[in-house]
Amino acid sequence: GKALAVTGSASGIGAATVDYLRAHGAYVIGLDIRPSDNADEHIAIDLSSRKSIDEAVARLPEKIDGLANVAGLAPTVPAAQVIRVNLVGTMALTNALLPRLTYGSGIVNLSSIAAFHWQQSIDQIKEALDLSFGKIDAFVEKHRIDDQPGRSYFLTKEALLAWCIRQRRTWVDRGIRMNCVSPAAVSTPLLDAFAGVMGERTKKDSDIVERSGAPADIAPVIAFLLSGASAWIRGANIPADGGVAAHYLAQEN
Ligand code: NAD
């Protein structure tokens with residue numbers, strides 16, 4: 001089977017993805033700051049730390065057949081930490097693993113319905129994509145990211161979509177593809193935390209659908225984008241949201 005790495009493997013969508021991939025014959029390496037025993041192998045990683053990322057990468061196998069970037073934080077912590085984990089650490093891990101990815105590998109990032117409206121300025125998104133760990137605090141201060149609740153989260157999820165679009169053909173000759181999956185409300189600890197700070201927004205999205213999503217609704221979509229069945233899908237975003245994105249499109253047109 002394939003060797004696949006999944007971040008955020010200890011909870012929610014990441015844990016469901018580990019279960020799904022293993023049930024379909026993959027050897028799955030879970031990467032999370034919290035311990036978990038659901039994967040074939042667990043490697044501790046703190047995605048907010050360059051040092052921890054490098055240590056985790058050193059422990060990963062020489063060859064990997066795909067990477068799912070599922071770990072993420074709700075905006076209940078300072079903006080700098082949201083940006084570290086959801087964006088800069090996720091990009092740093094991906095870049096560090098790129099040399100090890102085999103031909104045909106998929107890279108999948110978890111964006112969100114939160115990115116649907118593209119509310120941040122394109123210049124800020126571009127600046128965010130160029131951030132290194134050392135520049136995050138100054139970025140947050142300069143753009144006053146912490147002044148609006150939830151903005152750090154929206155920014156990171158939009159930036160992941162933009163990163164995906166930017167990388168649409170970067171690794172064509174290596175057969176590597178990057179895509180995004182964008183869920184709406186999925187019942188996990190993150191959703192509870194998110195609803196605590198963004199209650200109205202969460203309720204608005206949830207009222208559109210007949211039920212909230214379950215992690216098991218998202219895992220097969222991630223697995224598809226890691227598999228050869230999605231070989232001609234590049235730089236794309238697949239909503240897995242019970243129709244919430246379509247609802248907003250219908251309203252806007
Ligand atoms: P979750 O809270 O259940 O799981 C997130 C995981 O990330 C946890 O296991 C946590 O330990 C890990 N993590 C947190 N900080 C970390 C760090 N510094 N280093 C390494 N790992 C760390 O959340 P979830 O709902 O399963 O979310 C998974 C992804 O899906 C996130 O990127 C989230 O933004 C995205 N998403 C979730 C929803 C939703 O409604 N749940 C909607 C859209 C997008």
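Colleague: Leaving aside its neighbours within four places in sequence, which residues is Ser 111 in contact with?

Modeller: This is a predicted model, in which local features need pLDDT of at least 70 and side-chain atom pairs count only at pLDDT 80 or more, while totals for chains, interfaces and linings use all residues. Residues are numbered from 1 along each chain as its sequence is written, and side-chain values use heavy atoms, with hydrogens and water left out. Contact means heavy atoms within 4.5 Å. With those sequence neighbours set aside, Ser 111 is in contact with Lys 157, Leu 161, Cys 180, Val 181, Ser 182 and Pro 183.

Colleague: Is Ser 111 buried or exposed?

Modeller: Buried means under 20% relative accessible area, exposed over 50%, and partly exposed in between (1.4 Å probe, protein chains only). Ser 111 has 4% relative accessibility, so it counts as buried. A polar atom of the Ser 111 side chain lies 2.9 Å from the backbone oxygen of Lys 157.

Colleague: How do I read the buried residues of helix α8?

Modeller: An α-helix has 3.6 residues a turn, so residues three or four places apart point the same way. Helices here are DSSP runs (H or I, at least four residues), numbered from the N terminus. In α8 (residues 199-208) the buried residues are Arg 201, Thr 202 and Asp 205. Seen down the axis of α8, they fall within an arc of 95 degrees, so they line one face of the helix; the arc is that of the directions from the helix axis to the C-beta atoms. Their cover includes α6 (151-166), α7 (189-197) and α10 (244-252).

Colleague: Which exposed residues does the face of α8 turned away from its buried side carry?

Modeller: That face carries Glu 200, Lys 203 and Asp 207.

Colleague: Which residues touch the most other members of the largest nonpolar core?

Modeller: In soluble globular proteins, nonpolar side chains tend to be buried together. A nonpolar core is a set of buried Ala, Val, Leu, Ile, Met, Phe, Trp, Tyr and Cys residues joined through side-chain atoms within 4.5 Å. The largest one has 47 residues, and Leu 31, Ile 53, Ile 83, Leu 93, Ile 107 and Ile 136 touch the most other members. Helix α3 (residues 79-97) supplies the largest share of this core, ten residues. Apart from it lies another core, of 21 residues, including Val 28 and Leu 110.

Notes:
Helix = DSSP H or I, 4+ residues; strand = E, 2+ residues; numbered from the N terminus. Polar contact = N/O pair within 3.5 Å; in protein donor to acceptor, adjacent residues only side chain to side chain.
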